[in-house]
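Good morning, everyone. Please have a look at the model on the screen, and then I will walk you through it.

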Amino acid sequence: MQSKKTKNQEDIIDYYNQTAFDYQLAWYKKDNPALHFGFYDKEKADAHYEALAHTNQVLANAAQIKDGDKVLDAGCGLGASAFWLASHFQVHVTGISLPPKQIQACQERAAVLGLQAQTDFKVASYLNTPFPDHTFDVIWACESVCHAPQKIDFYQEAFRVLKPGGRLIMAEYLRADRPLKPQEEILLKDKWLGNWAINDIDTSEEHLGHLEKVGFQEIDIQNVNEQVRISLRNLHEKCSRSYPIEVVLKSLRIRSKVQHGNLVGSINQYRAFTKGLCML
């Protein structure tokens, strides 16, 4: 029996269902359906699609991914990271996400790539997974924990399903402070986060507190603003160019409120970033 979805989960599913075409059109290529930002490195990545793939290499290095690992991709989206890991290492990756359409797409792509033996995908919440204690060597969460209403709930579940000595690797948005000034909070939460089906994001100190409280050790939080700045700017520029047409399409009801909000949120995310209200 499937549990009843919360309002937050319904909003997340609706957001990704309605914006799927936007992501496909503006952001990724078919062979790398990445929903995350790109990591720019002068030696290894200097173009948009290359930077998207390079994000996986950076996270894999930080997580010390090795052959034989069992990996949980928590909030796998369309499976870009899961397939990259399965293609570069002898690992098994389980991807979970809330939207059934995303999971179906992952399953179909696994068959096309011949990676069914190394991957499996399930509709599930990373706050309440169907896995036994101590199942995974690595939990991978790339720009997904932002959607959790209470971030500590994710950390508690992650700690439960990780094996002793397991590793958690994340790429995540952080707020600079709590609280911000009133107008800054409006920019951050109403004009950006709310338009991406995100209730709020935590500070680095709050994340650290959650991690320590549930039992994680050897915690390292790094600021990669300079490495992702170009990627954030790319999104801002694309959406800003599209905005005049978007307004017309919205007025004609060709574009929905959610789709319009996604574009507006993308513009305002970079505004919040350049004002120092958030970081990655």
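First, a term we need throughout. A residue is buried if its relative accessible area is under 20%, exposed if over 50%, and partly exposed in between, using a 1.4 Å probe and protein chains only. One more: helices (H or I, at least four residues) and strands (E, at least two) are DSSP runs, numbered from the N terminus.

Now, where this comes from. This is a predicted model, where local features need pLDDT of at least 70, side-chain atom pairs count only at pLDDT 80 or more, and totals for chains, interfaces and linings use all residues. Residues are numbered from 1 along each chain as its sequence is written, and side-chain values use heavy atoms, with hydrogens and water left out.

Let's start with helix H6, residues 182-192. Which residues of H6 are buried? They are Glu185, Leu187, Leu188 and Trp192. These residues cover an arc of only 160 degrees around the axis, so they sit on the same side of H6. That arc is taken from the directions from the helix axis to the C-beta atoms. Why does such a pattern come up in helices? An α-helix has 3.6 residues a turn, so residues three or four places apart point the same way. Turn to the other side of H6, and Pro182, Gln183 and Asp190 are exposed. What covers the buried residues? The cover includes strand S6 (174-175), helix H9 (257-274) and strand S7 (278-279).

Stay around H6 for the loops. Pro179 sits in the loop between S6 and H6. The peptide bond from Arg178 to Pro179 is cis, with omega near -5 degrees. Ala197 lies in the loop between H6 and helix H7 (204-214). Ala197 is not a glycine, yet its phi is positive, about 60 degrees. Ala197 is buried, at 13% relative accessible area. Now compare Arg253, in the loop between helix H8 (225-251) and H9. Arg253 also has a positive phi, about 65 degrees, and is not a glycine. Is Arg253 buried or exposed? Arg253 is exposed, with a relative accessible area of 77%.

On to the strands. Four of the five residues of strand S1 (residues 70-74) are buried, so S1 is largely enclosed by the rest of the structure. S1 pairs with S2 in the parallel sense, over five bridges. Two strands pair if DSSP finds at least two bridges between them. Asp73, for instance, has Gly95 in S2 as its bridge partner.

Look at Ala74, in strand S1. Ala74 is buried, at 0% relative accessibility. Contact, by the way, means heavy atoms within 4.5 Å. Leaving aside neighbours within four places in sequence, the contacts of Ala74 include Ile96, Tyr126 and Trp140. Ala74 and Tyr126 are 52 residues apart in sequence, but 5.7 Å apart in space, C-alpha to C-alpha.

Thr94 lies in strand S2, residues 92-97. Thr94 is buried too, at 6%. With neighbours within four places set aside, its contacts include Val71, Leu72 and Asp73.

Last topic: salt bridges. A salt bridge is a side-chain nitrogen of Lys or Arg within 4 Å of a carboxyl oxygen of Asp or Glu. How many does the structure hold? It holds 17 salt bridges.

Asp11 bridges to Lys7, the closest N and O atoms being 2.9 Å apart. Both lie in helix H1 (residues 7-26), four residues apart, about one turn of the helix. Asp11 is partly exposed, at 34%, and Lys7 is exposed, at 56%.

Now a longer reach in sequence. Asp22 forms a salt bridge with Arg255, with the closest N and O atoms 2.8 Å apart. Asp22 lies in helix H1 and Arg255 in the loop between H8 and H9, so the pair ties together parts that are 233 residues apart in sequence. Asp22 is buried, at 14%, and Arg255 is buried, also at 14%.

Finally, Asp137 and Lys163 meet in a salt bridge, 3.4 Å from N to O. Asp137 is in strand S4 (residues 136-142) and Lys163 in strand S5 (residues 162-171), so this pair ties together parts 26 residues apart in sequence. Asp137 is buried, at 15%, while Lys163 is partly exposed, at 31%. There is also a network: salt bridges that share partners join Arg175, Arg178, Glu185, Lys189, Asp200, Asp202 and Glu206.
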